[in-house]
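Let's take a friendly walk through a protein model. Have a look at the picture first, then read on.

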Protein chains: 2
Amino acid sequence: MTVATTLHDELRDRFGDRFSTAAAVRDHHGKDDSHHPTIPPDGVVFAQSTEDVAYTVQACARHRTPVIPFGAGTSIEGHVQALHGGISIDMSGMNRVLAVRPDDLDATVEAGVTRLQLDRELRGTGLFFPVDPGADATLGGMAATGASGTTTVRYGTMRDNVVSLTAVLASGEVVRTGGRARKSSAGYDLTHLLVGSEGTLGVITELTVRLHPVPEAMAAAVCAFPDLDEAVRSVVEGIQLGVPVARAELLDATAVKAANLHSGFDYAETPTVFFEFHGSEGDIKAHCAMIEEVCRGLGGTAFTYARRQEDRARLWKARHDIYPAMLALRPGSHGLTSDVCVPISRLAECIAATRDDMMSASIPWGIVGHVGDGNFHTLFMIDPHSEAELAEAEALNERMVRRALAMEGTCTGEHGIGMGKIGFLREEYGDAGVGVMRAVKAALDPGGILNPGKVLGPMDLADARAKSSAGVRQSR
Amino acid sequence: MTVATTLHDELRDRFGDRFSTAAAVRDHHGKDDSHHPTIPPDGVVFAQSTEDVAYTVQACARHRTPVIPFGAGTSIEGHVQALHGGISIDMSGMNRVLAVRPDDLDATVEAGVTRLQLDRELRGTGLFFPVDPGADATLGGMAATGASGTTTVRYGTMRDNVVSLTAVLASGEVVRTGGRARKSSAGYDLTHLLVGSEGTLGVITELTVRLHPVPEAMAAAVCAFPDLDEAVRSVVEGIQLGVPVARAELLDATAVKAANLHSGFDYAETPTVFFEFHGSEGDIKAHCAMIEEVCRGLGGTAFTYARRQEDRARLWKARHDIYPAMLALRPGSHGLTSDVCVPISRLAECIAATRDDMMSASIPWGIVGHVGDGNFHTLFMIDPHSEAELAEAEALNERMVRRALAMEGTCTGEHGIGMGKIGFLREEYGDAGVGVMRAVKAALDPGGILNPGKVLGPMDLADARAKSSAGVRQSR
């Protein structure tokens, strides 16, 4: 253990109390919000600057030790588990909003700034940052996982809202992927290469994001439907008519039941869509009328509006809390969640077939979806002690992913690959596509130290890591 | 010349008349719309399918011979010149629109389909494809160069509007970069890696693009200003107020003069902005009123509307013809054009400083700009026989690029790097950024056969190519 001791000593020398090998700290950094088991790193560095991150990566590179960035730990496909041991870099201390520039509609933040923190800092500027995955994730983590969420149908994903970023490469070099111009055709698109790379190509330390003007007016609406199919079609037909909905969230009967219990609503326990509209007063009136007509034509009932800020806030808080609310329907259960995304013309069919497949499941489940994007999520509330339930949920998930891929969809709309969907990546992109990804990974991280084992699975770089006397610890 | 003869024989065997080594054909494929000299390839393959492209790339790879994709030849930074000889693949025969899917708001096209061709095919669907660089470029070329244009302020660039694409890699393998879901967080973003890579990482053969609903109403407006500064500020202030302009095009006095002469207008020869608004009748009324108020507050005069389709069409045709129209101001001249893009808060300052620098130039010049993006273009009308004029224009261009970079801008907003801006790429991204790009290039094209010498300049792969008995021909 001499070399590993040396690495830990180096980190302790540099960081003092900001380097920890305490079991509780390691455990906390070895799991995210998914059902995947805790696999703790060997130690955790609490970074406060890009230089801290660069120092840590350089030290780990010298010692051929894995490096795993950690934001808020809210990812859900097993992104942060230390599959091969190594050092977790906790980014939460890099939480400064470096600049808000109303004239350019952008802001530059450190990677550990969270979504709600930025929200607070923007109050009074007339601007907001739209990407909203539900959890109060860090912006660095959201960039790294290519997050999106409820407002993506109108404002896009992280891919659309990151202007440029600063990252530490596997060599410890710091790269800046661009300036602040709204567009550029200068060279390869390094920003998009890093967004969604899940810490396997670099550690994101700062990012410049787009801000949007707070709309003049906002309104929410809720509509209940006799069946999932009509609920989905209401959104799809609205979008095809050109209504620029800002949010369009599907909740199945189970999700509505959970929201009623958790958030004190009394909605009919039937498939329901929460809509939101942004624009001028006139736009909103027109768009609400168009969507209401579409909904009524599809048998939608109980079309109600929430125009007051507090009513809208309550509605979206209920949507954000849907994951714990659903788990509470089966006390003691753990969640196995997955998502797929398909072309919107296939969405109703994909959701219906998935629901039909799940009808025979022995485990409770629910479906919610960002249906305007063609994206939906399944949640199984599984008994954490039952291998059989885990296997059953995984089999249902596998069939859902294959169904989505057969419809020209993707194996994950917004959760990412992590350790949970590695097998599906090859089914989606084929050998050629995965070959390109592996070539890029090998070129940028030849030692395989950056979040090894994620996205692309085991690389032929294991021998490099095997030389690390930090060893391979899997506390599964 | 045995090996090269063998390659040519192979290509002739496979393609017959669709392989040409005629001087006129080679010359046509050795230049774009820029001032860069003609450098013809050794031969041209007229591809009709992805398989044709894959066959050609495989053959060239075996013979270590460069491959240069060619669309419409409308690029303007020297993208298609055969710096190291080799085979040009003419994509114009791959001109089938493979699918238009109104329900999904997308279309799949072969790479040789041009912008105006797609426009025609979409008539009657209620949908349009917004990216409009002016020239009737191929969509494959527009993707390869990361094109944008007049409507980008509202609808985004090619990066924002390509859903996924099919490309032939340096190995001859065919890769598909995704399905048709509107979003995905599955693995590295291969679509964005190829968009803007200028044929140096793969040859794009098919692409799926986003379509947008034709707005209910459209209106254009023209406003003249006493000075460039106020003209720029009218757009920037309008955007900062949240007016979603669909187009906002600056013409300086020289450009207005050219438009008057070429297109029969009689606008005052003073800095002018052409606006366009898309939306409902109500939106347009509101947005026009807001912009008119901003313009009048800045001293704008002669604010006139063009609401009829034919008047709008005439206006935008004049804008699209501005490049030849300006060259016609100095008969016999050639154009040296460049573009930069800066944060919009710095745009007025950047344009003013650039204009001041050019005031002393001995060559006629003009400025136009997609000012809503922070992007503007300079055009020098140079004597094609004068080395001194070329040098003077290049020095002015160099100062403009450095000015933009100092303002956190980019050395090219939409023209790309080609052979014209290689030196500035390093100034923009630094050694670390260019190092990442070079590592990616070396990983995906280890033989250096894909459009060699572009974007990143000479690679350390020259010896691989030197072994090609096609040799290095530079007919500069």
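How many residues of chain A are in contact with chain B? The count is 73, and they touch 73 residues of chain B. Keep in mind as you read that this model is predicted.

## Where the two chains meet

Three residues stand out on the chain A side: Lys183(A), Ser185(A) and Tyr188(A) supply 17% of the area that chain A buries against chain B, more than any other three residues.

In one salt bridge, the side chain of Glu408(A) meets that of Arg180(B), at 3.2 Å from N to O.

Which elements give two or more residues to the side of chain A that touches chain B? They are strand 9 (174–176), helix 8 (190–194), helix 9 (228–240), helix 14 and helix 16 of chain A. Helix 16 of chain A gives the largest share, 12 residues. Sort the residues on this side of chain A by type and you get 29 nonpolar, 28 polar and 16 charged.

## A closer look at helix 15

Helix 15 of chain A covers residues 387–406. Here's a quick check you can follow: at 1.5 Å a residue, its 20 residues should span 28 Å, and the end C-alpha atoms are 29 Å apart, so the two agree.

Which residues of helix 15 of chain A are buried? Among them are Glu389(A), Ala393(A), Leu396(A), Asn397(A), Met400(A) and Ala404(A). As a rule, an α-helix has 3.6 residues a turn, so residues three or four places apart point the same way. The buried residues of helix 15 of chain A pack against strand 16 (334–341), helix 14 (344–358), strand 18 (375–382) and helix 16 (422–444) of chain A.

After helix 15 of chain A comes Glu408(A), whose phi is positive, near 65°.

Now for Val256(A), which lies in helix 10 (residues 253–263) of chain A. Is Val256(A) buried or exposed? Val256(A) has a relative accessible area of 2%, so Val256(A) counts as buried, the cut-off being under 20%.

Leaving aside neighbours within four places in sequence, Val256(A) is in contact with Leu251(A), Tyr267(A), Ala268(A), Glu269(A), Thr270(A) and Thr272(A). Leu11(A), on the other hand, sits 245 residues away along the chain, and the C-alpha atoms of Leu11(A) and Val256(A) are separated by 49 Å.

Note on methods
Residues numbered from 1 in each chain as written. Chains lettered and ligands numbered in written order. Predicted model: local features only at pLDDT ≥ 70, side-chain atom pairs only at ≥ 80, totals over all residues. Heavy atoms only, no water. Helix = DSSP H or I, 4+ residues; strand = E, 2+ residues; numbered from the N terminus. Expected span 1.5 Å × (residues − 1). Buried < 20%, exposed > 50% of the residue type's maximum accessible area, 1.4 Å probe, protein only. Contact = heavy atoms within 4.5 Å. Buried area = accessible area lost by both parts, 1.4 Å probe. Salt bridge = Lys/Arg side-chain N within 4 Å of Asp/Glu carboxyl O. Nonpolar A, V, L, I, M, F, W, Y, C, P; charged D, E, K, R; others polar.
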